[in-house]
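Thanks, everyone, for making the time.

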Amino acid sequence: MHRVTPERTVEPLPLTGERTVPGIAEENYWFRRHEVAYLDLLGHCEDAVVLEAGCGEGYGAQLIRQRARRVVALDYDEFTAAHVGRAYPELDVLRGNLASLPLRDAGVDVVANLQVIEHLWDQEGFLAECFRVLRPGGRLIVTTPNRLTFSPGLDKPLNPFHTRELAPSELDSLLVEAGFRVELLAGLRHGPRLEALLGGRIIEAQVEVAVSGAPWPDELLEAVVSVTCADFEITTRDLDTSLDLVSVAVRP
């Protein structure tokens, strides 16, 4: 595995398949695919008190911190939370369960939950907690893989770390039933360069290597390393064929 030397000196988190981490060449496609959603949604976090519920490695919470007044980075895993505290000292790091958020009622302006809700067993309970901790008018930002394209035709998610993936209509219904008003429901998809790269098979090629355990072909590694946030687009057109879902919901 090719490590890209990061600017900071904190020991990186191991790559387990449960989360993406920065600084690994073979992971760059997935990292950029996640990063672009953070960058697109930063405007909702301007001068806000933000909870990132399920912060993972912490890079996204750190991006949000560039615009927010305060960011609370919450993760259930003790090792992960300790890493975030060391790597990103500007964040307020908490360890806690997303089913019972350790925050007071109406205490935050924004809850960010990016590529996390698909890991949760009690998605309805989590959304109820988000509703509780958000102030009136506060926003919940959720991104998640689109079930229709991520695990097409399967009875259970392809990723073993996922418990329940959602189609666009299912995510919309969950948010509405939790009491939110859906302000945006969009999809993330490949831009023109990614559509053409490796004959449009950049995801399939990575999966094939991962399943086979074979060494990475030079052409594939070069293609993956070349991916930037500019290679993705977020749009409201044709949601059912999008790769990831992107939603912004308002607490009345």
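This is a predicted model: local features need pLDDT of at least 70, side-chain atom pairs count only at pLDDT 80 or more; totals for chains, interfaces and linings use all residues.

Glutamate 183 has a relative accessibility of 34%, so this residue counts as partly exposed, where buried means under 20% relative accessible area, exposed over 50%, and partly exposed in between, with a 1.4 Å probe and protein chains only. Residues are numbered from 1 along each chain as its sequence is written, and side-chain values use heavy atoms, with hydrogens and water left out.

The side chain of glutamate 183 meets that of arginine 139 in a salt bridge, at 2.8 Å from N to O; the term stands for a side-chain nitrogen of Lys or Arg within 4 Å of a carboxyl oxygen of Asp or Glu. This pair links distant parts of the chain, with arginine 139 in strand 5 and glutamate 183 in strand 6 (residues 181–190), 44 residues apart. Strands (E, at least two residues) and helices (H or I, at least four) are DSSP runs, numbered from the N terminus. Arginine 139, at 25% relative accessibility, is partly exposed.

How many salt bridges are there by this rule? The count comes to 15. One of them is formed by aspartate 92 and arginine 70, whose closest N and O atoms are 2.6 Å apart. Aspartate 92 lies in strand 3 (residues 92–95) and arginine 70 in strand 2 (residues 70–75), so this bridge ties together parts that are 22 residues apart in sequence. Aspartate 92 is partly exposed at 33%, and arginine 70 is partly exposed at 41%.

A further salt bridge joins the side chains of aspartate 109 and arginine 135, at 2.5 Å from N to O. Is aspartate 109 buried or exposed? At 14% relative accessibility, aspartate 109 counts as buried, whereas arginine 135, at 33%, is partly exposed. Salt bridges with shared partners also join Asp47, Arg69, Asp109 and Arg135 into one network.

Let me turn to the backbone. Most residues other than glycine have a negative phi. Alanine 106, however, has a positive phi, near 50 degrees, and sits in the loop between strand 3 and strand 4, partly exposed at 36%. Leucine 198 also has a positive phi, near 55 degrees; leucine 198 is found in the loop between helix 7 (192–196) and helix 8 (202–212), and is partly exposed, with a relative accessible area of 24%.
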